[in-house]
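These are my notebook entries on a structure that I looked through one feature at a time. I wrote down what I looked up and what I found.

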Amino acid sequence: MAVVEAALIDAGVQAGIVDQARLDALRLQARRERIRLVEAVARAGRFPEAALYQALADQRNMPFFQAHDLKPDRPALAQLPTKMLQRQPMLPVRKHERLYLVVADPDAGPLLETAQRASGETMELALTAPETLNAAIRRYLDELHPDAERQEVVGESDAVGLLDEIMKDAYLRRASDVHFEPERHGLRVRLRVDGYLQDYLKPLSHAEGEAVITRLKVLAGLDIAEQRMAQDGGMSYQIQHWDVPATDIRVATIPTRWGERVTLRLLGQGSDGLDLPELGMPESILKKFRDVINMPDGILLVTGPTGSGKSTTLYAALRELDSDIQNILTVEDPVEQVIEGISQVQVNVKVGFAQALRAFLRHDPDVILVGEIRDLETAETALKAAMTGHLVLSTLHTNDAVGAITRLVDIGSPHYLVGSTVKGIIAQRLVRRLCPHCKVEREATAEEMIYLEPEAEHAWVVHESRGCPSCLGSGYLGRIGIYEALWIDRPLRDKIAAGASEEDIRRIAGGKYQTLWQDALAKVRSGQTDLAEVRYLAVATES
């Protein structure tokens, strides 16, 4: 028996994830588009329907199980007939020494009695979303018969629908990447959400997986007959029958032992339109950052590993500038966000970073953004452009701000040129932000104080999240930047030009050098994140 839609909506309103004032408009929209009200509400709030089931569980004071919790208790499950599981979805799960019967309807009392009689076990009801439950049962049945490949023919329309469902889930969960990973018995699909991978709810068979991957290759303009070499492409994807913006996607394939693996990078997800104050920069760094991007010349570098938000920071910087009175040009690989009033060039086989930079100098630029400095040719061209009256913004792959100086010198840039052109360096990381709806204060433990402030007389007040419908039980909602800044003044410029080492640069910079760990501690203390998210920065600082 399905949960009444009104009960889910009411629970969502009570939990604060559904806006009561928008319900009438969403009802009209759902009728006009011929979709369920729950689907319209989830799309408007941009959360999966599972959030409404978690809200309902909280309202009924029932345990709620996420997908990763659904590990069946095999002895109890073995007592339940397979036909019963398929006809009335349920799953016995043991957690903390207690046996639960996980269902998708909070009013499944009769089902609980049936399961207890069949298994001879005492159970308690727990709730999960229907799709989550059905996927867990399907995985269990597939494990029972691992060599029995389902005989099915997946047509083009089926592949279109399967891909669309995956892209809907990626949109609702605000995923940045989607991974299609072939395995012995099917295709595993995972979504990267807030930096961590989550399994897509529905496992795909080999036939379904092959159909979806073929569909992706067609959309991305790749060779569908070529399955033995890596390919790269791109596409713009519009979710069917949903009034949401199309997503620009970078597509990469590679052959593996069990078939082709495909990875989608969803460009601009959750970061389009972000301004500098929204990134989480400390005020002291933000003020100097703005001073530098308003200079007439010089170079500003943003460093960090892949996926640390460097491009988002540079796009936010460009939005601060006035493109009506400045000529702003960018060369990127690829163009991740389109900004009106700015000429953006994408790297290709014929036009690389260095070639585009040299061409830019003949187009009367004021500000140039270089997506990444990878080699000596690009570095020299960028530094010389900065020296001849242009502001250059770019990224480097280094672990910290001081390391950017060493990196430029290592690839062949002269010390004097680096010292005279680099105005500032930002290093950054992304960490998960504590869910504001369920975080609570507590005293830091003795173990935590070793990291936070070993010599403190009193324990810090820190925050932790318990999990709620807004964060899907994870305790985190979105991400925030952790920043480090090195600003190059005259004494430091002279030392860099003279070939100072990293240790010398840190010593000379002194208190003006704001480190990642300092910003991490400030964000832990203010309750924006927790120690578990930033502890690795302390280890990196010590090493």
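**Entry 1: a loop with a cis bond.** I began at P334, which lies in the loop between β11 (328–332) and β12 (343–346). I kept in mind that I was reading a predicted model. When I looked up the peptide bond that joins D333 and P334, I found that it is cis, with an omega of about -5 degrees.

**Entry 2: positive phi angles.** Next I turned to N61, which I located in the loop between α4 and α5 (74–78). I noted that N61 has a positive phi of about 55 degrees, although this residue is not a glycine.

**Entry 3: the start of α18.** Which residue caps the N-terminal end of helix α18 (residues 490–497)? I found D489 there, with a side-chain oxygen 3.1 Å from the backbone nitrogen of L492.

**Entry 4: an open sheet.** I then followed 3 strands that form an open sheet in the order β1-β2-β3, and I recorded the pairing as mixed.

For β2 (residues 98–103) and β3 I found the parallel sense, over 4 bridges, and I looked up Y100, whose bridge partner in β3 is E124. Helix α7 (residues 109–119) packs on this sheet and touches β2 and β3, and its direction makes about 130 degrees with that of β2.

**Entry 5: the second largest pocket.** Last, I looked at the second largest pocket, which holds about 450 Å³ of space. Its lining consists of 24 residues, and R36, E49, E131, E165 and L172 lie nearest the centre. When I sorted the lining by kind, I had 13 nonpolar, 1 polar and 10 charged residues.

Which helix supplies the largest share of this lining? I found that α9 does, with 4 residues. At least two lining residues come from each of α1 (5–15), α3 (37–45), α4 (50–59), α8 (130–144) and α9 (156–172).

Technical notes: Residues numbered from 1 in each chain as written. Predicted model: local features only at pLDDT ≥ 70, side-chain atom pairs only at ≥ 80, totals over all residues. Heavy atoms only, no water. Pairing = 2+ DSSP bridges. Contact = heavy atoms within 4.5 Å. Axes fitted to C-alpha atoms, helices over the stretch in contact; angles between N-to-C directions. 1 Å grid on protein atoms, 1.4 Å probe; cavity = no way out; pocket = protein on both sides within 12 Å on 5 of 7 lines; lining within 4 Å. Points joined across faces, edges and corners; volume = space filled by probe spheres on them. Nonpolar A, V, L, I, M, F, W, Y, C, P; charged D, E, K, R; others polar. Polar contact = N/O pair within 3.5 Å; in protein donor to acceptor, adjacent residues only side chain to side chain.
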